[in-house]
Amino acid sequence: MDIESLKTQIDSEIQNISSAQSLEELRLKYLGRKGLLAQLTTSIPSLPAEQRSVVGQQVNDLKNRILSLINEKQKSLGLQSAKPTPGMVDISLPGITQDLGRLHPLTQVMDEICTIFQRLGFSVVEGPEIETEYNNFTGLNIPLEHPSREAFDTFYLKDQDKLLLRSHTSPVQIRAMQSARPPLAVIVPGRVYRPDAVDASHSFMFHQIEGFMVDEGIKFSDLKGVLEIFAKAVFGQEIKMRFRPHFFPFTEPSAEVDISCIICKGKGCSVCARKGWLEILGSGMIHPNVFKHVGYDPKKYTGFAFGLGIERIAMLKYGINDIRLFFENDLRFLEQF
Ligand code: DAH
C-alpha cells in the first residue's frame with residue numbers, strides 16, 4: 001500500500017472513532033510494533049538507493065501526522081493524552097521535598113551555653129586542637145609527674161615530642177592571657193582528645209567549654225554568681241548548686257560543682273547514683289603560678305576559671321544514657337533535636 005492511500009485511509013478511519021478503545025486499536029494498527037508503518041519501514045532497505053531517503057522521510061511525516069491526529073482525537077473525546085505534551089506538568093505526581101538540615105545536638109548545647117556567657121559579657125575565643133606541651137601542661141602548673149602527662153592519658157604527636165592533641169580546653173587560658181591584658185572574660189568551646197577506650201560514658205574525642213575571668217579584685221563569690229546564672233539557665237531556676245572542695249593544679253582553691261539531680265530533684269535515683277547530686281564541672285581561683293607563667297602580677301590580679309564537658313551537660317539535659325549516640329550519625333537519634 002502506498003503512502004498517499006494510507007493517508008486518506010487513516011483520515012477517514014479516525015473520523016468514525018468514538019471510544020478510547022477503538023482509538024488504541026487504530027494506534028496499534030498503524031504505529032504498533034507490527035503495524036503498517038513498521039512494515040513500510042522494513043521495506044525501505046529493498047528500495048532503489050535514490051528512493052530510500054525520500055520514502056523514509058515520508059514514513060516519518062506520516063507517523064507524526066498520525067500522532068497528532070490521535071492527540072486531537074483524544075482531546076475531542078475528552079481523554080487524557082497517554083504521553084504528556086512537552087512542558088506539561090503532571091500535578092498528580094508526588095513533589096520533590098527538600099529536607100531541612102539542623103544543628104547537631106552538641107552544637108546546639110554548645111551554642112546555648114556560649115550565648116548564656118556572652119550575655120554576661122564573656123567573649124568566645126577558640127584555640128588549636130594541636131597544642132604545645134607547655135600550654136597544655138607546664139603553663140597550667142601541671143607538674144611533670146602528673147598522671148595526665150603520661151602517654152596513656154594524652155595523644156602525643158609522633159616525632160614531635162613537644163606537640164600533642166590537647167587534652168582539655170584550659171591551654172587557651174595561657175594563649176588568651178599571653179595575648180591580652182586584664183580585664184578578661186573569655187569562654188572557649190572546642191574539641192579535646194584522650195586515649196580512652198570508647199564506652200557508654202567515654203570517648204577518645206569530646207567537647208569542653210573552658211571559662212575564665214581575670215581582673216583586679218575578682219573573688220570566689222564572682223565565680224559562684226556566674227555559675228549559678230549558667231546552671232539555672234540550662235537546667236531550670238529550681239535547681240540547687242553546691243561547691244565541693246577538690247584539687248586541680250591550675251586553681252587554688254578548687255571546687256567541683258554539683259547541681260541537685262534534675263530527675264529526682266535531690267531524693268536519690270539511679271541517674272545520680274542515689275546521691276541526689278550531679279557533678280557538672282570543675283572550677284576554682286586561678287593559681288598564682290599560672291599568672292606568673294603568662295607574665296601577670298599575681299599580687300595585682302585574681303581570677304576564676306571553670307571547665308565543663310558538653311557531652312555530659314547534653315546527656316543530663318536530654319536524658320541520654322550513651323555518649324556514642326552523639327557520634328554514630330544515626331538520623332533516628334539526630335532528628336529528635
Ligand atoms: N581542665 C579540666 C579537665 O579537663 C577541667 C577544669 C577544671 C577546668 C577546673 C578549669 C578548672 O578551668 O578550674 O578536667
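How far is an oxygen atom of the ligand from an N or O atom in the side chain of Q208? The distance is 3.0 Å. The views below show a predicted model, in which local features need pLDDT of at least 70 and side-chain atom pairs count only at pLDDT 80 or more, while totals for chains, interfaces and linings use all residues. Residues are numbered from 1 along each chain as its sequence is written, and side-chain values use heavy atoms, with hydrogens and water left out.

**View A. Residues around the ligand.** Of the 15 residues around the ligand (a heavy atom within 4 Å), H168, S170, R194, Q208 and E210 come nearest. In the side chain of E210, an N or O atom is 2.7 Å from a ligand oxygen. A305 instead places a backbone N or O atom 3.2 Å from an oxygen atom of the ligand. The protein buries 88% of the 350 Å² that the ligand exposes when taken alone (Shrake-Rupley method, 1.4 Å probe).

**View B. Elements of the ligand shell.** Strand 6, strand 9 and strand 10 are the elements that give two or more residues to the shell around the ligand. Strands (E, at least two residues) and helices (H or I, at least four) are DSSP runs, numbered from the N terminus.

View C. Helix 10 spans residues 310–318; its buried residues (under 20% relative accessible area, 1.4 Å probe, protein chains only) are I310, E311, I313, A314, M315 and L316. These pack against helix 5 (105–119), strand 6 (205–215), helix 8 (220–235), strand 9 (277–286) and strand 10 (302–309), with contact meaning heavy atoms within 4.5 Å. Just after helix 10, G319 takes a positive phi of about 65 degrees.

Notes
Buried < 20%, exposed > 50% of the residue type's maximum accessible area, 1.4 Å probe, protein only. Polar contact = N/O pair within 3.5 Å; in protein donor to acceptor, adjacent residues only side chain to side chain.
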